[in-house]
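Subject: Structure handover and summary of findings

Dear colleague,

Please find below the sequence and structure for your review. My findings follow directly after them.

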Amino acid sequence: MTSSSWADFQAAEPAFADTVRQRFQQYKHHVLATVRKDGSPRVTGLEVEFRLGEPFLGMMPNSRKALDLRRDPRFAVHANPGPDAEMADGDVRISGRAVEVTDPAVLAAFVDEVKPPEPFHLFRVELTEVVRIGLEGGDTLLIQTWRPGRPLRSFRRGNDDGSLTDAP
């Protein structure tokens, strides 16, 4: 599956990228899904830091999620939906591959900006999919998806028959 940097995503769909970034920045804690050694999913909390022009995933040394990503870099992160059922800003998810950052200059710049507890693992993301689902007009879902090399696609789904229709 093709992956893309955050910068490529932002260049391709700047308004959508800003919406996704803002949604992640509304709350500190989010939910990360990784793949365990036996192939089953692991779901755990983490912070997503947008620094140096891209999102980073930071983790305690040798945490299960860090070890999962070192072995199998596939991940999905679901933005914290907020304190109530309204989700006025929509439901946002990013998926892709997590690449461990080993460049001392990038690590030093991250430490200067974030001041994380050390030691730590740091991963940058290579996107394979970005999804936002929000309500439109009270009862219609607007589903937006982006994948590398493809344009942003938008669909609407009402409460009637459950079918999707392309949104203009």
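Which residue in β8 does Ile143 stand opposite? Ile143 faces Phe155. The two strands concerned, β7 (residues 140-146) and β8 (residues 153-157), pair in the antiparallel sense over 5 bridges; strands are said to pair if DSSP finds at least two bridges between them. Their hairpin has 6 residues between the strands, and Gly149 there takes a positive phi near 80°.

Before the remaining findings, a note on conventions. This is a predicted model, in which local features need pLDDT of at least 70 and side-chain atom pairs count only at pLDDT 80 or more, while totals for chains, interfaces and linings use all residues. Residues are numbered from 1 along each chain as its sequence is written, and side-chain values use heavy atoms, with hydrogens and water left out.

Overall architecture

The protein has 4 helices and 9 strands, these being DSSP runs numbered from the N terminus (helices: H or I, at least four residues; strands: E, at least two). Along the sequence they follow the pattern α-α-β-β-β-α-β-β-α-β-β-β-β. The radius of gyration is 17 Å, close to the 15 Å that the globule rule gives for 168 residues, so the protein is as compact as a globular protein of that length. That radius is taken over C-alpha atoms, and the rule is 2.2 Å times the number of residues to the power 0.38. The C-alpha trace spans about 50 × 35 × 35 Å along its principal axes.

Buried residues make up 38% of the 168 residues (buried: under 20% relative accessible area; exposed: over 50%; partly exposed: in between; 1.4 Å probe, protein chains only). The accessible surface comes to about 9,400 Å², with 50% of it belonging to carbon and sulfur atoms; areas come from the Shrake-Rupley method with a 1.4 Å probe, and for residues only the protein chains shown count as cover. Of the contacts with a separation of 6 or more, 53% are between residues 24 or more positions apart, where contact means heavy atoms within 4.5 Å.

Strand β3 and its partners

In β3 (residues 54-59), 5 of the 6 residues are buried, so this strand is largely enclosed by the rest of the structure. It runs antiparallel to β2 (residues 41-51), to which 4 bridges join it; Val48 has Leu57 as its bridge partner in β3. β3 also pairs with β6 (residues 121-136) in the antiparallel sense, over 4 bridges, and here Phe56 stands opposite Arg124 in β6.

The hairpin of β2 and β3 has 2 residues between the strands.

Glu47 lies in β2 and, at 28% relative accessibility, counts as partly exposed. Not counting residues up to four places away in sequence, Glu47 touches Lys28, His29, Phe56, Leu57 and Gly58. From Glu47 to Glu129 there are 82 residues in sequence and 19 Å in space, C-alpha to C-alpha.

Helix α3 and the cores

The buried residues of helix α3 (residues 64-71) are Lys65, Ala66, Asp68 and Leu69. Seen down the axis of α3, they fall within an arc of 160°, so they line one face of the helix; the arc is that of the directions from the helix axis to the C-beta atoms. These buried residues pack against β1 (29-35), β2, β3, β4 (74-78), β5 (91-100) and β6.

The largest nonpolar core has 25 residues, of which Phe9, Val20, Phe24, Leu57, Phe75 and Val77 touch the most other members. Such a core is a set of buried Ala, Val, Leu, Ile, Met, Phe, Trp, Tyr and Cys residues joined through side-chain atoms within 4.5 Å. A second, separate core of 6 residues includes Val101, Phe110, Val111 and Leu122.

Backbone points to check

Most residues other than glycine have a negative phi, and most peptide bonds are trans. The peptide bond from Glu118 to Pro119 is cis, with omega near 0°, and Pro119 is found in the loop between α4 (104-114) and β6.

Yours sincerely
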